Every structure is written in C-alpha cells, then in structure tokens.
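The report below describes a protein model, moving from its surface to its helix packing and its charged pairs. Please read it alongside the sequence and the coordinates.

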Amino acid sequence: NDPMIRHFKVPRSWAYTPADTLAGGAWDAASPETVGQFSGVGYAFAQHLRAMLEDDVAIGIVNSTWGGSRIEPWMSAAALGTTPEEAEAAEKARVNARLAGLRDLLGELPAEDAGLVDGAALWADPAYDDSSWGTIELGANWESAGYPDLDGVAWYRTTFELTEEQADLPAFVILGMIDDSDQAWINGVSIGSTDMAYNRERRYRVRPSALRPGRNVLAIRVEDFGGGGGINATGNPLSFQSPSGSLLLDGPWRFKVARVDADFSFDKNQIPTLLYNAMIAPLQPFPVRGVIWYQGESNAGTVDDAKAYEDLFAGLIQNWRSDWASPELPFFWAQLAAYHEEDTEPPAESPWATHRASQTAALELPATGQAILTDLGDARDIHPRNKKDVGIRLAQTALNVAYGREDVPRSGPTYAGYELNESRVTVTFDHVGEALMSSGDAVEGFALQSEDGTWAWASAEITGPNTVSVYAASIPAPVGLRFAWADNPSRANLYASNDRPAVPFQIGDLTNRGSSP
C-alpha cells in the first residue's frame, strides 16, 4: 500500500516502423490488489529508492518488457545499420519462408483446433479414431522431431493396458516438461492442465473413476507460443505410477497438428527493431530519470553470440541516450545470474561468462553500473525467484551513480590489476568497501591456466584490504587467470564488506604484467 510507487506496463507489441503511440497501458499505484502484476525487480528497486531518498516524490516504473527477447529487437534500425524498410522486408521474407516450409510438410495449415470445440475435447474421446494420424518420437521438442518452425497446437494420443487392480487405485501420470502449455485427459476425463511453464515437470493425479481395466487412452493437447515446443521426454520417461506398479508410457504416440499460428507473433521478440518500434519509440517524449536493464539469456547461447553482445549492448545504450537527447542518461543493468549445473572442473569456455564480460565492458560508458547476480541464480531455473536482492543492488548502484550518494556502494569488488611473482598472482580490486571478505573458510572461484591451455581450480587467500593472492601447485607458470568464469560460478565467494559479490573477470595473458581483463 504505497501510492507513491506507480507502475505502467507497456503491452507486448511490435511494429515494422517506429510508432508514436503505445498499444495501451495504464498507471497503477502499488497496493495488494495491483502489485502482483508489477515487475518484481522494478518494484524492489523502487521500494529501496523510496526508503533511501529524502524527497517524498513518486517513483514511476515504466515496464517495457517481453520475456525471452534478444537485444536486437530493442534497438532502432539505424543503430543496427539498416533501415525500417529493409528490416520489414527481411522479416516478411522470413515469415513467408517458414510458412512455405510448413505447407510442404502439412498441406493446408489449420487455423482452428478441431480437437477442442466449445470446450469439448473431441480428440480426447477414447472412441475417437486416430488411425489417420502420424506418429512421433518424444524427443526434446517438435522441431527436433521433424516439425521445424511449428507454433500453435498439436495433440498426442497413446494407449496403455491396466489390470483390474490397477484401474481401481488412484495413480499419477508423469508427463515430463511440456513447452509451453498443456491439457491432459485419460479416457476423456480431464486429469490436469498447466499454463506457460516450459521448464516444469507435469505430474497429474488420476482418480480411479477415470480408469478402466484393459485399454486406456491418454490424450495430451500441447500449445506452443514460440521457440521450441512439445513434450520433452529426454529426462525422466513418461509413466503411469500406481501403488500396484508403474508403466512406461513409451508409445507408440499418435500425433496431429491442430492449429498453426501463421503470423509467428510470439517470436517477434527475436526479430531486430520490432519491439523498439512499438515499445520504446513511443516513450521517447516521456522524461525518464534512468534505465534499468535485465536481459541477455537469449544472446548467450554460444560464445560467439555472447562476444557480439558487447558491441550490441553499448550500441543500445547509446541508441537510447541519443533518442532521449540525454548523452549521460543513467543506465544500470543486472548481469546474468548463475544457471546450469556447476562445473566440476573449470570450463574451457562459457557463453554466460563471456556474456557477463560483454556486459562489464559497457562500464566504459559514463553514468553506468551493474548488479552482479552470480550468487542469486538457480541451476535449474533460468528465472531465479529472488527478485528483491536484484532490485536492491540495482537501486544501490543508482543511488551512488545517479543520485551522488557516496555512502551507498555502486559495485562489488572489481578487477583493477595484478602482479605476477613466479607462480603466484596477486590481484588488486576496487570497490571493496572497507575490505575484501569471503563467505567461506577459503576464497573460491579462481582458476589458473597452464602453458598447454588447460585450466585448473586455484587456491586463493585475501592478503590485504583489496588484494587476493592466487596460486595452484599444479601450475608453476600460469599464463591466464579467471574468476567466476562459468555459466554457474556458484563456488565464487569473494565479496566486499558491503556484501556485494565480486565482478567476474579473466586475464588473458599473464606474461604481460598489468594487462586488462
């Protein structure tokens, strides 16, 4: 209940050319009824500013976001070295090519789902004849099973046999992860549904009233809104779990495409300029105090993609500053959080670590800052749930850089230089608060590279208020050093005394004394 925090959600929208009006949206004051729809990071950011700023002024959050987007859709055509006309022609050609491929595969593309009509699941009926359907292997997604570029709805059907004892007991079906939404029936009886949860395993309870001795029919309707779609059975196999035993639901699976979303509107968040045109360009007359940016996972699929982000990100910041006629418009971002399983050995390369380095490079621009999230991630969830600390760290950076509050930390420990003494590297840091500290008994997260190019975990110890000594008995002549260089650098535990984690970095050539990361 804080009417002085206000939130405006720009609707997800796209356009081929820059628009001068938003597609919609409204201001909402923070209340128990409204705040659940706010940006979690934005709300925590605003709350912290409200607590720290002396002036009792309203803080407005203009939330212009589209989950899963790449950075290029948020940039103008000019910033990407093209024109609106060229960008439009390229996108229309891409859509037409995808549609032509789907027509070659499916024939006429269905626009309406004939399996679900007015709420009636016709294709879940056990008496329905699916003999004309094709079959499918339950791989990672439709695309890998022979249906590239398919967005829309498809149905799966299979049968399994139960004894009288199994049919008389409550059970569960385990359906794996499904991208994006699903509904499931056994013998025409609904057993469960899930909306928009591509990374959540489906586990549905089945009452005995849905089961019968002998043949049973399981039907699953899957709706995909963009990117990969379908049933992911590469991990735990699909199964029927009963107190009297379990059955693998290994098919054969019948498969039929029920609806094709021919406009591909749900992947416009991957296409250059389209979101900028509809969700950023109309905002430009509006005065803003600064920008907080939380994006990047979709640009971190490969090391090359992550390296390219450096120029794109700097270009976006300069693009927006030019649009708002504010050369030093404050711009702060959250680095990618830890994700994927932790490495047992230092990885030779890491797209996410490379991406973090591309983000750090933007600190060369004035009035910028970043929040490090290597300690706030989730190995199995690309969207970690702790939004509050992300917002607070961003707010601390904003208070220091944009509001001149030198008593508030702008960063955690940041690489400043090194000294090489035989096998030992002494690294110096800025932004350590009163002194460096570790969250464990030993400092972890450092790795050294040997002359043959291999990497090994290194021992490290804090040797001064702002220095760490790094060494590895197995590497007498190190040629490279890294800190927190992994998709999930969860072992990294170096902090400033203000509890801000150290910034990931690498030194590529230790033979060049004092080289930059």
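Surface patches are made of residues with over 30% relative accessible area and no salt bridge, like charges being joined within 9 Å and nonpolar side chains (Val, Leu, Ile, Met, Phe, Trp, Tyr) within 5 Å. Accessible areas come from the Shrake-Rupley method with a 1.4 Å probe, and for residues only the protein chains shown count as cover. The model is a predicted one, in which local features need pLDDT of at least 70 and side-chain atom pairs count only at pLDDT 80 or more, whereas totals for chains, interfaces and linings use all residues. Residues are numbered from 1 along each chain as its sequence is written, and side-chain values use heavy atoms, with hydrogens and water left out.

**Overall form and surface**

The secondary structure comprises 7 helices and 29 strands, where helices (H or I, at least four residues) and strands (E, at least two) are DSSP runs numbered from the N terminus. Taken along the principal axes, the C-alpha atoms fill a box of roughly 75 × 60 × 50 Å. Of the 517 residues, 50% count as buried, a class that means under 20% relative accessible area, with exposed over 50% and partly exposed in between (1.4 Å probe, protein chains only).

Trp27, Val62, Phe286 and Val288 together make a nonpolar surface patch of about 320 Å². Val288 belongs to the loop between α4 (274-280) and β17 (291-293), and with a relative accessible area of 31% it is partly exposed. Pro285 is found in the loop between α4 and β17 and, at 72% relative accessibility, counts as exposed. From Pro285 to Asp407 the C-alpha to C-alpha separation is 33 Å in space, while in sequence they are 122 residues apart.

**Helix packing**

Helix α1 (residues 40-52) packs with helix α7 (residues 388-401) at an angle of about 50 degrees, and their axes are 7 Å apart. This makes α1 oblique to α7, since angles under 35 degrees count as roughly parallel, over 145 as roughly antiparallel, 65 to 115 as roughly perpendicular and the rest as oblique. Here axes are lines fitted to C-alpha atoms, for helices over the stretch in contact, and angles run from 0 to 180 degrees between N-to-C directions.

**Salt bridges**

Side chains of opposite charge can pair when their charged atoms come close. The structure holds 23 salt bridges, each being a side-chain nitrogen of Lys or Arg within 4 Å of a carboxyl oxygen of Asp or Glu.

| Salt bridge | N to O distance |
|---|---|
| Arg70 and Glu72 | 3.0 Å |
| Arg157 and Asp130 | 2.8 Å |
| Asp375 and Arg393 | 2.9 Å |

Arg70 counts as buried at 16% relative accessibility, and Glu72 counts as buried at 12%. Arg157 lies in strand β7 (residues 152-162) and Asp130 in the loop between β5 (120-121) and β6 (134-136), so that this pair ties together parts 27 residues apart in sequence. Arg157 is buried at 1% relative accessibility, and Asp130 is buried with a relative accessible area of 16%.

The salt bridge of Asp375 with Arg393 links distant parts of the chain, Asp375 being in the loop between β19 (368-371) and α7 and Arg393 in helix α7, 18 residues apart. Asp375 is partly exposed at 29% relative accessibility, whereas Arg393 counts as buried at 9%. Finally, a network of salt bridges links Glu91, Arg94, Arg98, Asp149, Asp151, Asp267 and Lys268.
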